[in-house]
Protein chains: 2
Amino acid sequence: MKSSIKESPLFWPAYLEGATLFVLDETLIPSKFHYVKVRNTKEAVSVIRQMKTRAFGQFLVVLNTFLLEIERAKTFAPKKFLAQIHKTATALNNSRPTFPFSEVTGIVVGWANEALAKGEDAPLYVKKNIFGYLMGIRERRLGRVRQLASILQNDDSILTHCNVSGELAMAAALCKQEGKKIRVFATETRPYLQGGRLTVWELKRLGVDVTLIADNAVGSLMADGLVNKVVVGSDRSCANGDFANKIGTYQIAVLAREFGIPLYVLTQPSNRIPTGADIPIEIRDANELLKFGNRRIVPGKVKGFYPGFDVVCHELITEPIAINVR
Amino acid sequence: MKSSIKESPLFWPAYLEGATLFVLDETLIPSKFHYVKVRNTKEAVSVIRQMKTRAFGQFLVVLNTFLLEIERAKTFAPKKFLAQIHKTATALNNSRPTFPFSEVTGIVVGWANEALAKGEDAPLYVKKNIFGYLMGIRERRLGRVRQLASILQNDDSILTHCNVSGELAMAAALCKQEGKKIRVFATETRPYLQGGRLTVWELKRLGVDVTLIADNAVGSLMADGLVNKVVVGSDRSCANGDFANKIGTYQIAVLAREFGIPLYVLTQPSNRIPTGADIPIEIRDANELLKFGNRRIVPGKVKGFYPGFDVVCHELITEPIAINVR
């Protein structure tokens, strides 16, 4: 029998209750554990603009916003329904530049057109499709958690970087339920400190033994034999297996190879981008580096360079733990 | 003709004027550029205990404190003189545990004994020896700056880590005077941020082109060909050429080798410790990692692991730029 999986709030950071979407405010973690209420497209755009949620959370907000709008207008005339779907899609597409919103909203618009062409009850048809789609993703992600848990062994000491949206924490917690002793070292992940703020918080919450380290301590830990596996996420994956992830992942991968430590990457395979060299790397505002919270580290005029991500070539990956999200 | 060297305040962070020692308060940099006045042993111990100065600065404070005490008591009876030297030495030795104070104070006590044995004017003899000793060190350190400047070439892009007490900044400034274009990338050096606070500040002050990066960006910069030399300092060096330096130096050295980028280390050779494996690594208080300034990053009970230094084996060094300080 499969063990039940304890869920991290970061695994599924937005859920629908009636006509309200509750979105985990990740900017407040770990100080506060708070969900923002979203009731319509306007509030959804606002929550995305304020970056209350990120990555997979944005994806959830986008899909659920259509459900909110369908719920709000119980009876739609077909023409009015399609207009509303388009209006919501446009508003979401224009919310922020970095996330490929139109890819996701395009799927929903496609379902709406399909329903009308088939003469189906369009709101119900779209609603069912969104639910089914989300449930499929959820099952596949839980499968990835189980797959990772099966790779992790008793007495493993895992290094992780940034935050892998609940999956590592849940796999480690599952291992614990199954009697495996697992220890995690989380890098703080400067400059945005996702490791210190999110990863440590969710691992502690699920009862996993976690220790925070400076990003600078990775090489030292490996040299001292304190780490025997590396687990990271992937922001973008390529056809050849290369992937981009939070800045710092690449140097961890090089160090892991230096010490023969296996590197596992939780990834959504994609064939859109041929190789890592084709991934455009976002150079982010240097102020995010020059400030800590709201406090400036270096006063006066200082240049900073902050590539947000780096690319790891597939030769450095031991095993991709892959699911198809889209 | 040799170019004159512009001096960084971090190169010689304590200077004597009359019966007052002015000690640069490095804890206030870069917000304030302020010297603390030290007039006697008690004030010297206080400035060391409060960690207003570090590394070479502590060394300067120790030697100059003897000069202050000699200055304060113009005429000494031989017995009283020796007692005073011993009293000062003991107070300094007990000021902090990490710095080898007794090695330095022992030298001065030796001179005092020597003077009395030879029937010399002991205060004058000790004073002359301290002055001569400091001048010798100063000349050798300036020599190291010139040596580094001669290695640096036009259009070099140098990565540095932590802070090398003025020497890199002065070498880069010297290159600039000589018409070489030099660019420096400084890691912020978490958790204590010596790079962000000290290195960027002193490089800017000497007019050197400097850009701050997150410690996580080193691999990415090298992969993108943005760095062609690495220059770091050394906290402790071994007989076989291994050295210990601020945590993070080791992984930079591994990455430099991965990309064939030469690594230069500014070092004081020593034969006291045979190899890097024999260097005891200080595990520092995790609170220094869990806090930023006075603000806690992760609330609640969180484990942190903070090795203060790591060890780089001599095979990873391209060229030691060595002087004998002691």
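Trainee: What covers the buried residues of α6(B)?

Mentor: This is a predicted model. In it, the cover over the buried residues of α6(B) includes α5 (122-151), β4 (156-160), β5 (182-187), α7 (194-205), β7 (229-233) and β10 (263-267) of chain B.

Trainee: How many residues of α6(B) are buried?

Mentor: Nine of the eleven are, so the helix is largely enclosed by the rest of the structure. Among them are E167(B), L168(B), M170(B), A173(B) and C175(B). An α-helix has 3.6 residues a turn, so residues three or four places apart point the same way. After this helix comes G179(B), with a positive phi near 90°.

Trainee: Why does A173(B) count as buried?

Mentor: The threshold is 20 or more other C-beta atoms within 10 Å. A173(B) counts as buried because it has 25 C-beta neighbours inside 10 Å. A173(B) is part of helix α6 (residues 167-177) of chain B. Leaving out residues up to four places away in sequence, A173(B) touches K6(B), L206(B), G207(B) and V208(B).

Trainee: Next, helix packing. At what angle do α1 and α2 of chain B pack?

Mentor: The angle between helix α1 (residues 41-49) of chain B and helix α2 (residues 56-72) of chain B is about 170°, and their axes are 9 Å apart. Angles over 145 degrees count as roughly antiparallel, which is why α1(B) is described as roughly antiparallel to α2(B). On the α1(B) side the contact is made by T41(B), A44(B), V47(B) and I48(B), and on the α2(B) side by Q58(B), V61(B), T65(B) and E69(B). Sorted by class, the contact has four nonpolar, three polar and one charged residues.

Trainee: Now sheets. What is the strand order in the open sheet of three strands in chain A?

Mentor: Strands of a sheet pair through backbone hydrogen bonds, either parallel or antiparallel. Here the order is β8-β9-β14 (chain A), and the pairing is antiparallel. The edges are β8 (236-237) and β14 (309-312) of chain A; each has a single partner strand, so one side of each has no neighbour in the sheet. Strand β9 (residues 243-246) of chain A is joined to β14(A) by four bridges. One bridge pair is K246(A) with F309(A).

Trainee: Which helix lies across β9 and β14 of chain A?

Mentor: That is α9(A), which runs at about 35° to β14(A).

Trainee: How many residues does each chain give to the contact between chain A and chain B?

Mentor: Chain A gives 43 residues and chain B gives 43 residues. On the chain A side, α9(A) gives the most, with five residues. By class, that side divides into 25 nonpolar, ten polar and eight charged residues. Strand pairing also crosses between the chains: two bridges join β6(A) to strand β14 (residues 303-304) of chain B, and the two strands run parallel. T211(A) has K303(B) as its bridge partner.

Trainee: Last, domains. Where are the domain bounds in chain A?

Mentor: The domain assignment gives domain 1 (14-139) and domain 2 (152-322). Their C-alpha centres are 29 Å apart. The contact between them takes six residues from domain 1 of chain A and five residues from domain 2 of chain A. The domain 1 side has four nonpolar, one polar and one charged residues.

Technical notes. Residues are numbered from 1 along each chain as its sequence is written. Chains are lettered from A and ligands numbered from 1 in the order in which they are written. This is a predicted model: local features need pLDDT of at least 70, side-chain atom pairs count only at pLDDT 80 or more; totals for chains, interfaces and linings use all residues. A residue is buried if 20 or more other C-beta atoms lie within 10 Å of its own, exposed if 12 or fewer, and partly exposed in between; C-beta atoms are placed from the backbone. Two residues are in contact if their C-beta atoms, placed from the backbone, lie within 7 Å. Ala, Val, Leu, Ile, Met, Phe, Trp, Tyr, Cys and Pro count as nonpolar, Asp, Glu, Lys and Arg as charged, and the others, Gly among them, as polar. Two strands pair if DSSP finds at least two bridges between them. Domain bounds come from an automatic or database domain assignment. Axes are lines fitted to C-alpha atoms, for helices over the stretch in contact, and angles run from 0 to 180 degrees between N-to-C directions. Angles under 35 degrees count as roughly parallel, over 145 as roughly antiparallel, 65 to 115 as roughly perpendicular and the rest as oblique.
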